[in-house]
Amino acid sequence: EPVPSTFAELEQNVDLNNNRSRVTLNNFGLGDEECEMDIHVFPEFPSGHASLAANANHRSVAIPIKIKTLNRYLSDRQINQVDFVKVDIEGAELIFLKGATHLFEQKTPPVMLIEMSPETLKALDHKPDDLITFICGQADYDFFALDEKRRRLIPLKVFGDDREGANVLCVP
């Protein structure tokens, strides 16, 4: 969790649940390079809503954060197998994936659940199909949009420009 105030809440929750020995907390974001960036926090939205992109329609506060790559994180900790990845980072999903290519080099790439929102991706000049194209360029995956209302999976080959946002299950 890169936002200091949200990270503090996360620490409190882990402590309240007496899970310190089973949970590793990290106070940085994941991206395609090791750097410092500003993350935008939107005071009018609930805690936890932040983005690397500012939004002209909403007031935000820019907070400097550290960015690392998942490749480096896994290498430094000698983690060789990741089975599941959840990615919901308000439009920065492709930036994260570009720094997480080691995931696709594993014997079995991970199952991933990725939020694909045209609105949040657009803020960083990406589209949902950019995510699908990138992932398919790394490994052989099938994609399924989660229809949460009808409780079913909808197979996807392309996301398309007319679809609203969806959580997409990516299965190797």
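**Sheets and packing**

Lys68 sits over the face of Phe28, 4.7 Å from the ring centre. A charge counts as over a ring if NZ of Lys or CZ of Arg is within 6 Å of the ring centre and within 35 degrees of the ring normal. The model is predicted: local features need pLDDT of at least 70, side-chain atom pairs count only at pLDDT 80 or more, and totals for chains, interfaces and linings use all residues. Residues are numbered from 1 along each chain as its sequence is written, and side-chain values use heavy atoms, leaving out hydrogens and water.

Lys68 also takes part in a sheet: Lys68 in β4 is the bridge partner of Leu30. Strands here are DSSP runs (E, at least two residues), helices are H or I runs of at least four, and both are numbered from the N terminus. Two strands pair if DSSP finds at least two bridges between them. β1 and β4 (residues 61-68) run parallel, over two bridges. They belong to an open sheet of four strands, ordered β1-β4-β2-β3, with mixed pairing. β1 (29-30) and β3 (50-51) are at the edges with a single partner strand each, so one side of each has no neighbour in the sheet.

Now the other sheet. Five strands form an open sheet in the order β5-β6-β9-β7-β8, again with mixed pairing. Its edges are β5 (84-87) and β8 (152-156); each has a single partner strand, so one side of each is left without a neighbour in the sheet. Neighbouring strands are turned by 25° against each other on average, direction ignored. Axes are lines fitted to C-alpha atoms, for helices over the stretch in contact, and angles run from 0 to 180 degrees between N-to-C directions.

Look at the pairings within this sheet. β6 (residues 111-116) and β9 (residues 166-171) are antiparallel over five bridges. Ile114 stands opposite Val168 in β9. β7 and β8 also pair in the antiparallel sense, over five bridges. There, Asp147 faces Arg152 in β8. Four residues lie between the strands of this hairpin, and Arg151 takes a positive phi near 55°.

Helix α5 (residues 128-138) lies across β6, β7 (142-147) and β9, running at about 160° to β6. Leaving aside neighbours within four places in sequence, Ile114 is in contact (heavy atoms within 4.5 Å) with residues including Val87, Leu97, Leu131, Ile135 and Cys170.

Next, the cores. A nonpolar core is a set of buried Ala, Val, Leu, Ile, Met, Phe, Trp, Tyr and Cys residues joined through side-chain atoms within 4.5 Å. Buried means under 20% relative accessible area, exposed over 50%, and partly exposed in between, with a 1.4 Å probe and protein chains only. The largest core has 30 residues; Leu97, Met112, Ile114, Ile135 and Cys170 have the most contacts inside it. α5 gives the most to this core, with four residues. A second, separate core of ten residues includes Ile39, Ala50, Leu52 and Ile67.

Last, the aromatics. Phe104, Phe134, Tyr141 and Phe143 form one aromatic cluster. Rings of Phe, Tyr and Trp (its six-membered ring) pair if their centres lie within 6.5 Å; planes under 30 degrees apart count as stacked, over 60 as edge-to-face and the rest as tilted. The count comes to four aromatic pairs. Phe104 and Tyr141 have ring centres 6.1 Å apart and planes at 80°, so the pair is edge-to-face. Both residues are buried.
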